[in-house]
Amino acid sequence: MANQVQDLTPDEVSKGVAEGRYLLVDVREPNEVQAEAYPYGVVVPLSTFDPKAIPDPAGKEVVFACRSGKRSVTASLAAQAAGLPYDKHLAGGMLGWKAAGLPSKVGG
């Protein structure tokens with residue numbers, strides 16, 4: 001069976017992170033993160049993506065995020081190909097996050 005990536009809405013991700021269920025992994029590039037960042041999460045840029053660089057989620061589920069939801073799918077598939085069970089991403093990325101009225105921060 002082919003690897004699958006589960007779409008999560010901005011509200012689902014925000015709630016899951018707040019409840020300690022999700023670890024948000026931002027796969028955008030450092031210059032993008034510097035301009036506008038998710039209020040929490042870790043940065044593992046897709047351009048140099050190494051699934052081993054993702055911190056131990058310590059019981060949380062990993063959710064990938066990017067600008068629009070394309071790179072996060074790529075990252076999830078790459079992590080799954082490396083044998084990791086990280087099959088969730090933020091559908092719509094930062095664009096969807098902001099459209100949902102959720103907070104972002106400047107300066108990574």
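**Exercise 1.** Which strands does helix H1 lie across, and at about what angle does H1 run to E2?

*Solution.* Start with the ground rules: this is a predicted model, where local features need pLDDT of at least 70, side-chain atom pairs count only at pLDDT 80 or more, and totals for chains, interfaces and linings use all residues. Residues are numbered from 1 along each chain as its sequence is written, and side-chain values use heavy atoms, with hydrogens and water left out.

H1 lies across E1, E2, E4 (61–65) and E5 (88–90), and runs at about 120° to E2 (angles go from 0 to 180 degrees between N-to-C directions, with axes fitted to C-alpha atoms, for helices over the stretch in contact; contact means heavy atoms within 4.5 Å).

**Exercise 2.** Work out how Tyr40 and Trp97 are arranged.

*Solution.* Take the rule: rings of Phe, Tyr and Trp (its six-membered ring) pair if their centres lie within 6.5 Å; planes under 30 degrees apart are stacked, over 60 edge-to-face, the rest tilted. That gives four aromatic pairs. Here the centres are 6.2 Å apart and the planes at 85°, so Tyr40 and Trp97 are edge-to-face.

Finally, check exposure (buried is under 20% relative accessible area, exposed over 50%, partly exposed in between; 1.4 Å probe, protein chains only). Tyr40, at 30%, is partly exposed, while Trp97, at 0%, is buried.

Terms used:
Helix = DSSP H or I, 4+ residues; strand = E, 2+ residues; numbered from the N terminus.
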